[in-house]
Amino acid sequence: MYAPERQQEILRLAGESGRVDVLSLAEQFQVTAETVRRDLKALDRAGLLRRVHGGAIPAGRLGFEPDLAERDVVAADEKDRIAAAALGELPARGNIIIDAGTTTARLAGVVPIDCGLTVVTHALPVAARLCDHPGISLHLVGGRVRHRTRAAVDAWALRAYGELNADVVFLATNGFSPDGGLTTPDLAEAAVKRAVIAAARRVVLLADSGKAGQEHFARFGDLSHVDLLITDTGLSPEDARAIEGLGTEVVRA
């Protein structure tokens, strides 16, 4: 059983019984306790479970949909490295936008405790990670919330971003390529992403290499609109050079 399959089964068991414990899961799946703890950590980070001593409990009715959880655990190590590298792009002061996405949510989860920034987001997962941060002034953009991404879209969100001038946006995407540009499956999500690009002076794209070459239904920009792409070492040097030829700096974490 692969890790995403095991984690989905852990979610199911937690939903049925209200709690799961490490030792029972390790025995059931014939894996080590440490493997189970890594699964629980990933699910906790995704907002699906809440870790407690010896196990985990469901995060509640506002937890993400399973398909979002599946995306979050894909390339988990790479996403962690990308989020860590993105910390160096946080300004010392000022305001930023954090887009909806699994990697951008990981960035929100590792913002340093001494960070004092104004953060704007339309993503509930990002807001959940920052709402108790002592140094962050958090602004949550409203709108219709899409179940699949837990992100606000449509007119309210577009209007709010049209009134902002941010220092940096940390952008997410489902696919990127020099020819295909930046793409996502949903038109409403694409419209908000275009709005956040327009609202920021600097655009930092956080995207693992598995999204390179992927093209989806809705195009919301070109790589030339991106100042910096932070990805992982799975992106080939040749692809990195092609992207840099468009004027985008590339960091492979």
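Helices and strands here are DSSP runs numbered from the N terminus, a helix being a run of H or I with at least four residues and a strand a run of E with at least two. In this predicted model, the loop between α2 and α3 is the place of Q30. The phi of Q30 is near 55°, a positive value in a residue other than glycine, and Q30 counts as exposed at 66% relative accessibility, because the cut-off for that class is over 50%.

## Helix packing

Two packed helices are described by the angle between their axes and the distance between the axes.

| Helix pair | Angle between axes | Distance between axes |
|---|---|---|
| α1 (residues 3-17) and α2 | about 130° | 12 Å |
| α2 (residues 22-29) and α3 (residues 33-45) | about 110° | 8 Å |
| α5 (residues 76-86) and α6 (residues 102-109) | about 55° | 8 Å |

For the pair α1 and α2, with an angle of about 130°, the relation is one in which α1 is oblique to α2, and the crossing of these two helices is right-handed. The residues that make this contact are R6, E9, I10 and L13 on the side of α1, together with L25, Q28 and F29 on the side of α2. Sorted by class, the contact of α1 with α2 holds four nonpolar residues, one polar residue and two charged residues.

Helix α2 also packs against α3, at an angle of about 110°, and the two are therefore roughly perpendicular to each other, since angles from 65 to 115 degrees are placed in that class. Here α2 passes α3 in a right-handed crossing. The contact is formed by V22, L25 and A26 of α2, which meet A33, V36, R37 and L40 of α3.

From α5 the contact draws on A76, K79, D80, I82, A83 and A86, while α6 contributes T102, T103, R106 and L107. By class, the contact of α5 with α6 is made up of five nonpolar, two polar and three charged residues.

## A83 at the contact of α5 with α6

One of the residues of α5 in that contact is A83, which has its place within this helix. Is A83 buried or exposed? At 1% relative accessibility, A83 counts as buried, because the limit for that class is under 20%. When residues up to four places away in sequence are not counted, A83 touches T103, R106, L107 and V110. The C-alpha atoms of A83 and R106 are separated by 6.0 Å, although these two residues are 23 residues apart along the chain.

## Two further loop residues

K211 lies in the loop between β12 (200-206) and β13 (218-221), and at 16% relative accessibility K211 counts as buried. Its contacts, leaving aside neighbours within four places in sequence, are with T103, T173, N174, G175 and F176. T103 is therefore a residue touched by K211 when contact is taken as heavy atoms within 4.5 Å, and T103 is also among the residues touched by A83.

D154 is found in the loop between β8 (151-153) and α8 (155-161). Although D154 is not a glycine, it has a positive phi of about 80°. With a relative accessible area of 31%, D154 is partly exposed.

## Cysteines

How many disulfides does the model contain? The count comes to zero, taking a disulfide as a pair of cysteine sulfur atoms within 2.5 Å. The sulfur of C115 has its closest cysteine sulfur in C131, at 15 Å, which is too far for a bond. Seen from the other residue, the cysteine sulfur closest to that of C131 is in C115, again at 15 Å and too far for a bond. C115 itself counts as buried, at 11% relative accessibility.

Notes:
Residues are numbered from 1 along each chain as its sequence is written. This is a predicted model: local features need pLDDT of at least 70, side-chain atom pairs count only at pLDDT 80 or more; totals for chains, interfaces and linings use all residues. Side-chain values use heavy atoms; hydrogens and water are left out. Axes are lines fitted to C-alpha atoms, for helices over the stretch in contact, and angles run from 0 to 180 degrees between N-to-C directions. Ala, Val, Leu, Ile, Met, Phe, Trp, Tyr, Cys and Pro count as nonpolar, Asp, Glu, Lys and Arg as charged, and the others, Gly among them, as polar. Buried means under 20% relative accessible area, exposed over 50%, partly exposed in between (1.4 Å probe, protein chains only). Angles under 35 degrees count as roughly parallel, over 145 as roughly antiparallel, 65 to 115 as roughly perpendicular and the rest as oblique. A crossing is left-handed if the near helix is turned anticlockwise from the far one by less than a right angle, and right-handed if clockwise.
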